[in-house]
Amino acid sequence: MQTKKYKCKECGCEEFISKPLQYGIFENQDGKLVFIKSESINEQLELFCRECSQKLPFKEEDLIY
Ligand SMILES: [Zn+2]
């Protein structure tokens, strides 16, 4: 089975930005703000190329948080 790779088909970039906006949850712990997790506002996550904003088609099961 061939190894698949996520890569922008426009520019070859392998970094992607999630949209719509995700917000991080930080919690006060002993006077520090500790990152707990991020939650997306919308249930359907979409990824876009960091360089050229091309939408990346991907499979939900390939997401690793
Ligand atoms: Zn790109």
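Predicted model: local features only at pLDDT ≥ 70, side-chain atom pairs only at ≥ 80, totals over all residues.
Between which two strands does the loop that holds S53 lie? The loop runs between β4 (46-49) and β5 (55-56).

**Figure 1. The whole chain is built from strands, with zero helices.** The chain has five strands, and its pattern along the sequence reads β-β-β-β-β. Of the 65 residues, 5% are buried. Contacts between residues at least 6 apart in sequence include 49% that join residues at least 24 apart.

**Figure 2. Three strands make an open sheet in the order β1-β4-β5.** The pairing in this sheet is antiparallel. β1 (16-19) and β5 are the edge strands, as each of them pairs on one side only. In general, strands of a sheet pair through backbone hydrogen bonds, in either a parallel or an antiparallel way.

**Figure 3. β1 and β4 are joined by four bridges.** The two strands pair in the antiparallel sense. Two facing pairs can be picked out in this view. K19 stands opposite E46 in β4. F16 stands opposite C49 in β4.

**Figure 4. β4 and β5 form a hairpin.** Two bridges join these strands, which run antiparallel. L47 stands opposite L56 in β5. Five residues lie between the two strands of the hairpin, and S53 is in the turn.

**Figure 5. S53 has a positive phi in the turn of the hairpin.** The phi of S53 is about 70 degrees, although S53 is not a glycine. Most residues other than glycine have a negative phi.

**Figure 6. D30 lies in the loop between β2 (22-29) and β3 (32-40).** D30 counts as exposed because it has 5 C-beta neighbours inside 10 Å; the cut-off for an exposed residue is 12 or fewer.

Definitions and conventions
Residues numbered from 1 in each chain as written. Buried ≥ 20, exposed ≤ 12 C-beta atoms within 10 Å, placed from the backbone. Pairing = 2+ DSSP bridges. Contact = placed C-beta atoms within 7 Å.
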